[in-house]
Amino acid sequence: MICIVDYHLGNFKSVLKAFEKIGHKVIISSKKEDIKNASKLVLPGVGSFKQGMENLKKLALDEVLKECVLKDKKPILGICLGMQLFASKGYEGGECNGLDFIHANVLKFDLAREKLLHSGWDDLRFGNNKSKLFDGILEKSDFYFVHSYYVECLESVETSFCEYEKPFCASFEKENIFAVQFHPEKSQSIGLKLLENFVNLKA
């Protein structure tokens with residue numbers, strides 16, 4: 001059973017519906033027992049980094065996630081804000097420590113020619129580390145993005161990049177930790193394929 005971790009920040013139902021569309025049953029829960037008993041976890045989310053971490057701590061889910069992911073090596077997929085919360089530190093809403101699953105900072109776009117909000121369809125370039133999430137997916141496939149902050153990795157875990165005046169990390173993978181900046185649940189058939197690849201990963 002896959003558990004979508006509910007920390008009261010984002011529309012988790014759209015992620016739930018995407019999994020149901022590929023014929024896989026998932027649950028949405030903030031209960032520690034459900035999270036611990038799940039075979040895989042998904043951490044989606046929309047909102048600010050600081051608010052996300054505050055919500056996780058308020059629900060006492062930050063330590064549960066660390067135990068499941070870092071100790072038990074349970075596969076987890078972070079989506080958009082969920083990806084960013086895997087980093088060491090973020091600055092949206094004020095400087096704040098993250099879950100620290102990878103060595104990375106979450107920074108605001110500071111660009112000369114582009115809008116600060118990266119929104120809409122954009123294509124990917126694969127990195128040197130090929131992710132299992134992209135099995136059967138061609139390079140330069142389009143995914144749907146909505147974000148004004150991006151993950152700056154301080155270790156070589158990037159699996160794809162997107163160009164928004166400058167290249168930024170669109171996805172990363174480290175052992176059992178998978179993350180994407182885009183929204184697979186909003187990326188039509190190609191996004192569903194990525195979620196299916198996550199479902200099929202061996203726990």
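Mentor: Some terms of the record come first: UniProt positions are given in the numbering used here, feature names are shortened, and annotations may be inferred rather than shown by experiment. Residues are numbered from 1 along each chain as its sequence is written. The model is predicted, so local features need pLDDT of at least 70 and side-chain atom pairs count only at pLDDT 80 or more, while totals for chains, interfaces and linings use all residues; side-chain values use heavy atoms, with hydrogens and water left out.

Trainee: Which residues does UniProt list for "active site"?

Mentor: The unreviewed UniProt entry lists C80, H183 and E185 under that name. They span 106 residues in sequence, yet no two of their C-alpha atoms are more than 10.9 Å apart, so they gather at one spot.

Trainee: Where is H183 found, and what does H183 touch?

Mentor: H183 is in the loop between β14 and α6 (188-199); helices (H or I, at least four residues) and strands (E, at least two) are DSSP runs, numbered from the N terminus. E185 lies in the loop between β14 and α6. Contact means heavy atoms within 4.5 Å. Not counting residues up to four places away in sequence, H183 touches V46, I79, C80, Y144 and V146. With neighbours within four places left aside, E185 is in contact with S14, V15, A18 and I79.

Trainee: What makes the pair K66 and E63 a salt bridge?

Mentor: A salt bridge requires a side-chain nitrogen of Lys or Arg within 4 Å of a carboxyl oxygen of Asp or Glu. For K66 and E63 the N to O distance is 3.9 Å, so the pair qualifies. Both residues lie in helix α4, three residues apart, about one turn of the helix. K66 is partly exposed at 26%, and E63 is partly exposed at 49%.

Trainee: How many salt bridges does a search of the whole structure find, and which residue forms one with K73?

Mentor: The search finds five. K73 is paired with E175, the closest N and O atoms being 2.9 Å apart. K73 lies in the loop between α4 and β4 (76-79) and E175 in the loop between β13 (166-174) and β14 (177-180), so this pair ties together parts that are 102 residues apart in sequence. K73 is partly exposed, at 43%, whereas E175 is exposed, at 55%.

Trainee: How do you know that the buried residues of α3 line one face of the helix?

Mentor: The buried residues of α3 are F49, G52, M53, N55 and L56. Seen down the axis of α3, they fall within an arc of 160 degrees, so they line one face of the helix; the arc is that of the directions from the helix axis to the C-beta atoms. Among the elements covering these residues are β3 (40-43), α4 and α5 (81-85).

Trainee: What makes a set of residues a nonpolar core, and which residues have the most contacts inside the largest one?

Mentor: A nonpolar core is a set of buried Ala, Val, Leu, Ile, Met, Phe, Trp, Tyr and Cys residues joined through side-chain atoms within 4.5 Å. The largest has 70 residues, and F19, L43, L65 and F172 have the most contacts inside it. Beyond four places in sequence, the contacts of F172 include M83, F86, I102 and V151.

Key
Buried < 20%, exposed > 50% of the residue type's maximum accessible area, 1.4 Å probe, protein only.
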